[in-house]
Amino acid sequence: MILDDLVPQLKARKCKVEIMDDAVVRVEVNQNFVLSHRDCASSQVPLVVTCRQSNSGGAFTIDTMNAAEIVCEANRETPDECAQKIMRQLEQLGCLSPFGNRIENDRRAYSEAEEVLVTQRLAELGYV
Amino acid sequence: MINVLRKNHSPRVVVISLDGVPYSFIKARIAAGDLPNFKTLFDNGSLRRMNSVQPCASSVAWASYMTGKNPGKHNIFGFVDKKPGTLETFVPTSANMMSDTIGEIMSRAGKKVFVMNVPVTFPPRPVNGILIGCFLGTGLEKIAYPAQVSAELKKMGYRIDASAAIARENLSRFIDECNDVLNKRAEVMFHYLAQASWDFFQCHIMETDRMNHFFWECAENQNAPYAKAFVDFYKRVDDLIGVVERKIGDETELIILSDHGFCPIKKEIYLNRFLAAAGLLKFKTASPKSLNDMQAESVAYSLIPGRIFINLQGREPQGTVAPERYEEAREKVARTLLECKAPDSGAPIIRDVIKREDVYHGEHFSKAADLIAVPHDGYDLKGDVTKLIFGENTALTGMHKFDDALIFVRQREIKPVQENLWIGDVAPTILKLMNLTVPADMDGAAFV
């Protein structure tokens, strides 16, 4: 589920997240924007994100689709890729600051070979 | 008129951070006449001794510097850490640092930032400006934000770090190595000092720590081999400081700081071997390869430097110490550590054992070691479980020291809020100097 990846990242950026039903989440991104999206990772329907002020309450229409700033192809992109794409786009749209408010990134900073190299360098300094 | 203009200027700050340079050492070399630029600066500004953090490791200290927070909040507890729920270790990076840095706070406020080589800035996190990552980087390709800066660095022949492997083979070549890396660092620093747009500029010199680890006997004995080369290296650092001061002029604040002191190593101590000899740690094999070879009935084990974990049921993968016996186990381990003696001299090795709740708080508190063993000067605590000996001497001659870091501010008087300054006080101080709001969750307090 995309929400599993996306919601913790949004909360870490101090966004107020409200899950309205199983499929729709509304997020106060900042004072001016509301983000809504339908989590349809398991369907063939494109995921739609709009970060304009919206009172649609989750009622997605063709108009909503056309107005969307971000569209994820849930049948081609993994939930993690969708979440990263949404976060990156929100930063580029100016809805989120790209600076700081991190969540711990458990994706590896290193490949296995790089980690061996760094650990060896730390060992030479007496740090491991 | 000039004063009116200055008031209208957005305040700018330059930080030169010198890894592992002790307050007492710089004072001594100034007194010996070796560091004229430091002398002029320090005679005309405010210089104080400063405390580091526990444990006294550069990754932890610079994370506290950048965030103004204790490790329980920023989540960096050492050069290596444990993957939760396992006995596997990993190298913590900026991806694990769970707090905003001053560079990120400035960026959100629209300030332009240039940060270079500060420990735990790899992988580089976005800033409003340029960030060149630290020695945890594995190559120039991924060292910088924005990515195109990497190509510039490559063109300039930038070097991330001196290779300590050289020191283990040939000390003379290692001096050349440190000088070469310092030269490249200075060249790139002056390039961006002139070319980049910045309100905050920091260059971190790592080579001082590298030299101190392998040549610290030269700091205390002018007849030691390489003593002249060691002092010459510091004269080059002094020259560099002088050029920075002249280039930035009077209207920019200049801060110089280090993250910890240094002292000579008497012995490197393998604390897990001591815990094993005391019956508190047992291995399944006579030649353990990793902590995974630990037997379940073990009471405690150690990660570098001096971090002690109780083998707690429910937390550790093979934990057998019941939660209701946790305090009893901690007391026993602490008492045993305080009895640890050097086999050759009988001198005590551990000066103090700190409970984690006495130095850490915050949302990552649960990842902290249960106890921090603080050594007497000269006993460098290691965590290597493959070592079957209690202690030894290697090519390393200097080790970190908690209470002898330095902080200098050129144009303001340092007025500590508490009796002892600590490195976490620097972040709120810099934000205050730049007229930015200090976040309420910072642990440090501005000292100007």
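**Exercise 1.** Is B:Glu251 buried, partly exposed or exposed?

*Solution.* Before starting, know what you're looking at: this is a predicted model, where local features need pLDDT of at least 70, side-chain atom pairs count only at pLDDT 80 or more, and totals for chains, interfaces and linings use all residues. Residues are numbered from 1 along each chain as its sequence is written, chains are lettered from A and ligands numbered from 1 in the order in which they are written, and side-chain values use heavy atoms, with hydrogens and water left out.

Step 1: get the cut-offs. Buried means under 20% relative accessible area, exposed means over 50%, and partly exposed is in between (1.4 Å probe, protein chains only).

Step 2: compare. B:Glu251 has a relative accessible area of 43%, so it is partly exposed.

Step 3: B:Glu251 sits in the loop between α12 (227-248) and β9 (253-257) of chain B. Helices (H or I, at least four residues) and strands (E, at least two) are DSSP runs, numbered from the N terminus.

Step 4: look along the chain. B:Gln411 is 160 residues apart from B:Glu251 in the chain, yet their C-alpha atoms are separated by 9.3 Å.

**Exercise 2.** Describe helix α9 of chain B around B:Asn179.

*Solution.* Step 1: B:Asn179 belongs to α9, residues 171-195 of chain B.

Step 1: its relative accessible area is 15%, so B:Asn179 is buried.

Step 2: find what it touches. Leaving out residues up to four places away in sequence, B:Asn179 is in contact (heavy atoms within 4.5 Å) with B:Phe233 and B:Arg236.

**Exercise 3.** How many residues of helix α15 of chain B are buried, and what follows the helix?

*Solution.* Step 1: α15 covers residues 426-433 of chain B, and seven of its eight residues are buried. Among them are B:Val426, B:Pro428 and B:Leu433.

Step 1: After α15(B) comes B:Asn435, which has a positive phi of about 60° although it is not a glycine.

Step 2: check its accessibility. B:Asn435 comes out at 61%, so it counts as exposed.

**Exercise 4.** What is the strand order in the open sheet of three strands in chain B?

*Solution.* Step 1: the order is β16-β11-β17, with mixed pairing. Two strands pair if DSSP finds at least two bridges between them.

Step 1: spot the edges. β16 (379-382) and β17 (391-392) of chain B each pair on one side only, so by the pairing rule they are the edge strands.

Step 2: zoom in. β11 (residues 267-270) and β17 of chain B run antiparallel and are joined by two bridges. Within this pair, B:Ile269 has B:Gly391 as its bridge partner.

**Exercise 5.** How do chain B and chain A meet?

*Solution.* Step 1: count residues. 37 residues of chain B are in contact with 25 residues of chain A.

Step 1: check the area. About 2600 Å² is buried between the chains, and carbon and sulfur atoms give 57% of that. Buried area is the accessible area (1.4 Å probe) that two parts lose on being put together, summed over both.

Step 2: look for a salt bridge (a side-chain nitrogen of Lys or Arg within 4 Å of a carboxyl oxygen of Asp or Glu). The count between the chains is one. B:Lys142 forms a salt bridge with A:Glu114, with the closest N and O atoms 3.0 Å apart.

Step 3: see which elements take part. α6 (102-108), α8 (164-169) and α10 (207-215) of chain B each give two or more residues to the side that touches chain A, and α10(B) has the largest share, four residues.
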